[in-house]
Amino acid sequence: MSTTAGAASKSKAGLILTGGGARAAYQVGVLKAVRELLPEPDQNPFKIVCGTSAGAINAAALAVYADNFDQAVGHLLDVWENFHVHHVYRSDFPGIAKSGAHWLGALTLLYRNNPISLLDNAPLGEMIRRTLDFSRIQENIDAGSLYAVSITCSGYTSGQSVSFYQGGPDVVAWERNQRIGCATTLRAEYLMASSALPFMFPAVKINREYFGDGSMRQIAPISPALHLGADRVLVIGTGRQDVQAVRQRSNAYPSLAQIAGHALNSIFLDSLNVDIERLQRINKTISLVPPDKLANGGLPLRPVKVLVVAPSRQISRIAASHVNELPWTIRFLLRTIGAMKPNGSNLASYLLFEKTFCRALINLGYEDTMARRDEMLDFLGGTA
């Protein structure tokens, strides 16, 4: 039996890394804690890794270094703990001025071509190509260190949520309403497309279509891991799952930043919460049906264990205390739309690729995971 065929029949844990721009630093803190809890930190506990938006970059790094989980987490820590805005998008005055001139020209009809994005994320592409050797993904799959990895993008023309995946020959593509799985050989372009925040970063053309941030139109964020064969999944979110809506009186009209932050939260958080509820409801339904009834009815349903780790504090509040660390050009840009105010910090949190903010989120992710040590050990199948 081949290594891949043998792996297909084994129990597989899936890791789901969601989007959120700079908020994805939280995921690295969770992974740091997981590494510490593993009896053998070199061994990759997640044979299936699925990433979306900024989570796609973290997922790709884990796939590239799947033969050594300790090294993979170390690589992510080295990047995120030393991040600066200029590693991700241009923040220099000429770069910002050029982008601003394009938008102003479009508004005044001086330019016929529409501006493609508010910010230029070319530095991110350069960093990805310099630090990640994508050829190692297939090597890790062939060696059995990894079963499959997927990167989800949103097609601007088709409106479909497309999960581009790389896995063994037994992985089967899927097609559901507005979401499909497409086999490919992953490269930097897929990560750039998946992390292209709407309006902020430019879309990327892959094959015949332009793709943007994978969180858009992703109505079932957990489904790629299930289609790839995961029987239990660890979901690392970038927003609190237990926030209760509190209605407050407000006489001031919401700023552009407040509206944009609300829209981004809807894109990145709402569909995940709904999908988790759906999965838990299906698990409960399956538990009420005798196994022989499921088998005789030909229903391909199985219970899926899910563990969700999400921030215990509101990231927007953490961002509010770090927003002044942004370069002055970005602060000026954000101030014009109200993002430097506390009620606009949601938007700022997605762009705050500065090491002090990222380190704060890494620490939060680590602490939140260690606070649930027993649950995590149970998920990983380890012992204290």
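Helices (H or I, at least four residues) and strands (E, at least two) are DSSP runs, numbered from the N terminus. This is a predicted model, in which local features need pLDDT of at least 70, side-chain atom pairs count only at pLDDT 80 or more, and totals for chains, interfaces and linings use all residues. Residues are numbered from 1 along each chain as its sequence is written, and side-chain values use heavy atoms, with hydrogens and water left out.

**View 1. Gly181 in strand E6.** Strand E6 spans residues 179-183 and holds Gly181. Gly181 counts as buried because its relative accessibility is 8%, and buried means under 20% relative accessible area (1.4 Å probe, protein chains only). Beyond residues up to four places away in sequence, Gly181 touches Ser163, Tyr165, Ala173 and Trp174; contact means heavy atoms within 4.5 Å.

**View 2. Gly181 and Thr152.** In sequence, 29 residues separate Gly181 from Thr152. Their C-alpha atoms are 8.8 Å apart in space.

**View 3. Asp368 in helix H15.** Helix H15 covers residues 355-370, Asp368 among them. Asp368 is buried but has no salt bridge (a side-chain nitrogen of Lys or Arg within 4 Å of a carboxyl oxygen of Asp or Glu). The nearest side chain of opposite charge is Arg372, 7.8 Å away; Lys and Arg count as positive, Asp and Glu as negative, and His and the chain ends are not counted.

**View 4. Contacts of Asp368.** Neighbours within four places in sequence are left aside here. Asp368 is then in contact with Tyr26, Ala310, Pro311 and Ser312.

**Setting of the views.** The chain has 16 helices and 10 strands. Of its 384 residues, 52% count as buried.

Conventions. Buried < 20%, exposed > 50% of the residue type's maximum accessible area, 1.4 Å probe, protein only.
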